[in-house]
Amino acid sequence: MDRVSWRTQVLSNHLVHHQTTSDLSPNPCLEFSPPEISECFSFDIKQMRNLLDVHNLPDRDWMFGVMMQSKLFNPVQSGGRVFVSPDYNQSMEQQREMTMKRIQYLLDNGVFKGWLTDNGIEAAWRKFALFEAIGIYDHSLAIKIGVHVFLWGGAIQFFGTKRHHDAWLKITEDYAIKGCFAMTELGHGSNVRGIETVTKYDSSTGEFVINTPCESAQKYWIGGAAKHATHAIVFSQLHINGKNEGVHAFIAQIRDADGNVCPQIRIADCGHKLGLNGVDNGRIWFDNVRIPRENLLNSVADVSVEGKYLSATNDPDKRFAAFMAPLTSGRVTISVAAIYSAKVGLAIAIRYSLTRRAFSLTPNGPEIQLLDYPNHQKRLLPLLAKTYAMSFAANELKRIYMKRTPESIKTLHVVSSAFKATFTWHNMRTLQECREACGGQGIKSENRVGPLKSEFDVQSTFEGDNNVLMQQVSKALLSEYIAAKKRNKPFKGMGLEHMNEACPVIPSKLTGPILRSSKFQTDAFCLRERDILNRLAAEVSHHEAQGDSKEYAFIQSFLLAEDLGRAFSEKAILKSFMEVEDSVPSGPVKNVLGVLRSMYALICLEEDGSFLRYGYLSPENAGAVRQEVKKLCSEIRPHALALVSSFGIPDAFLAPIAYNWVDSNSWPSVQ
């Protein structure tokens, strides 16, 4: 057949309808079936939510309602439901403006009332609850508020004295001014002590003079600075009479009420980011900016009118520690936010896996639900157990913070550092697994998991690089170890009291009942921490004996330091879980918690190479752990829907894929 005739026949076949017979029979279309129809709740999800959220549940639900009632929160109908989520298709400028409009709306609805002016414990718990609910909606919104209230406002509360409280706290709470927190510099992030901004005192005018002496001293990544902030807490080296007294904090105005940048100040935008584009991060240069003497936040140290430096302590290390202590609140809120983000991702992915099917075991048989595949269970359910464990630990961290005393500050610093690193790493791993578990649907922005990855990635490095924080944890534990040995007294504090007891012994053969016993799990975690701490002390001592400095010896021992940080964090999390489990009376909730606790403990044993590396587990026992994790997955599977429902996150804050994903993707939804 010549080419012209061939093309004519092809076109004819396209245009002319042919009656044909076929052996193919039509298949019924897939239909969405809500998981609630087939999944049973074997325990009280309200009781479980009380354990997870602990405090101010009505305030949280009120906050969710406030956001759902306004079009500012971008309500979108899909699959017969309304969802609220930021519009990530907006430009950076639009996202920033929407953040400010949402803040104004929350302000008008009384959300921030008492956040800085009510010092009562009930107000503090309410603030935590409302802030956590806001963060479930949008990380940018939470960070923008957090910078203004927790960092700027918190600095005034903790670094300042009555004159600062009277002048600044009420107008900060009312957003009459907008504050930012200028600590990080281009050349110094985690090493705050090395910042290069310099402030000198001019006794002839009674003013401080702030200067950016070099490009690496420019303030960088300052949330709110690029567009909205009117004032900044500026961290700077304080030079008095030629002597550097170390890092201090000052209040400086950077814009006037009309938004114009103040004289002798230059501000530039950090630009578009991987996420958090609703926050206007900026850079600031100070060109000999003069501020009143009273703008030194002077709870730790002061400068007299004549220019004399005054401080309750002459120890610069103690002064610096006093300045850093208030930053703990940031690590607390970041830790908690990371776990709520993981909850959102898991609720979406697990609900989807209970309705999405793939492949069948027989030619004409029904397709299998994703979560009925053992490998899908292994991907998601250990992460669910970890999220429960870390949720309980996050609540304990908040309690430690609320009850903090000068004596407990060190413990608070160590625990908050460990949890901030552990929880934020866990969140990113969880979101990635949830994204992949949702297949192509996980890529869509409307299904939230992908954007959450971008929005929360920054948590691994801001307010303390995770790796640096974990090194600090190990260094603090090593210091406690050395001090206890020098005193020849029992260990006290930092959770190291178990080292006063006989060294635990792991049974030579691990059976299922042994693996699930709380005693074995506690012994295994304590043995790991105890042994690694001993190994770290010995290795550092060995390097010092070879002539290395104490600091360099620790740096050289980083592998053991990494192992120790993980051991400390996971043991503390397990302890928090066990305390919650012990507080619950016998019944279905306690039973489920026992399974989740065993899953948390055993997945830690499976995933951490330390247990094999240092010989705590034999290869055979490591295999037994892995098989028990598989069994636990099958036991958690029937409770999966109830467990994510216990998170108490309203449907509107999840995603279309978590519900009727067929309707939400149907042609009428396009129309």
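How many bridges join β6 to strand β10? In this predicted model, three bridges link β6 to β10, the latter covering residues 281–286. The two strands run antiparallel. Within this pairing, Lys219 stands opposite Ile284 of β10. Strands of a sheet pair through backbone hydrogen bonds, in either a parallel or an antiparallel manner.

The β6–β10 pair belongs to an open sheet of three strands. The strand order is β6-β10-β9, and the pairing is antiparallel. The edges are formed by β6 (219–223) and β9 (265–269). Each of these edge strands pairs on one side only. From one strand to the next, the twist averages 35 degrees.

Helix packing was examined next. Two packed helices are described by the angle between their axes and by the distance between those axes. Helix α10 spans residues 328–353, and helix α12 spans residues 409–437. Their axes come within 8 Å and cross at roughly 20 degrees. An angle under 35 degrees counts as roughly parallel, so α10 is roughly parallel to α12. The crossing of α10 past α12 is left-handed. By class, 13 nonpolar, 11 polar and two charged residues make up the contact between α10 and α12.

Arg293 sits in the loop between β11 (289–292) and β12 (301–303). Its relative accessible area is 15%. Buried means under 20%, so Arg293 is classed as buried.

Phe158 is placed in helix α7, residues 139–159. This residue has a relative accessible area of 32%. That value lies between the limits of 20% and 50%, so Phe158 is partly exposed. Phe158 and Ala325 are 167 residues apart along the chain. Their C-alpha atoms are separated by 8.9 Å.

Glu31 occupies the loop between α1 (3–15) and α2 (35–38). Its relative accessible area is 73%. Exposed means over 50%, so Glu31 is exposed. Glu31 and Val303 are 272 residues apart in sequence. In space, 73 Å separates Glu31 from Val303, C-alpha to C-alpha.

Technical notes
Residues are numbered from 1 along each chain as its sequence is written. This is a predicted model: local features need pLDDT of at least 70, side-chain atom pairs count only at pLDDT 80 or more; totals for chains, interfaces and linings use all residues. Side-chain values use heavy atoms; hydrogens and water are left out. Axes are lines fitted to C-alpha atoms, for helices over the stretch in contact, and angles run from 0 to 180 degrees between N-to-C directions. Helices (H or I, at least four residues) and strands (E, at least two) are DSSP runs, numbered from the N terminus. Angles under 35 degrees count as roughly parallel, over 145 as roughly antiparallel, 65 to 115 as roughly perpendicular and the rest as oblique. A crossing is left-handed if the near helix is turned anticlockwise from the far one by less than a right angle, and right-handed if clockwise. Ala, Val, Leu, Ile, Met, Phe, Trp, Tyr, Cys and Pro count as nonpolar, Asp, Glu, Lys and Arg as charged, and the others, Gly among them, as polar. Buried means under 20% relative accessible area, exposed over 50%, partly exposed in between (1.4 Å probe, protein chains only). Two strands pair if DSSP finds at least two bridges between them.
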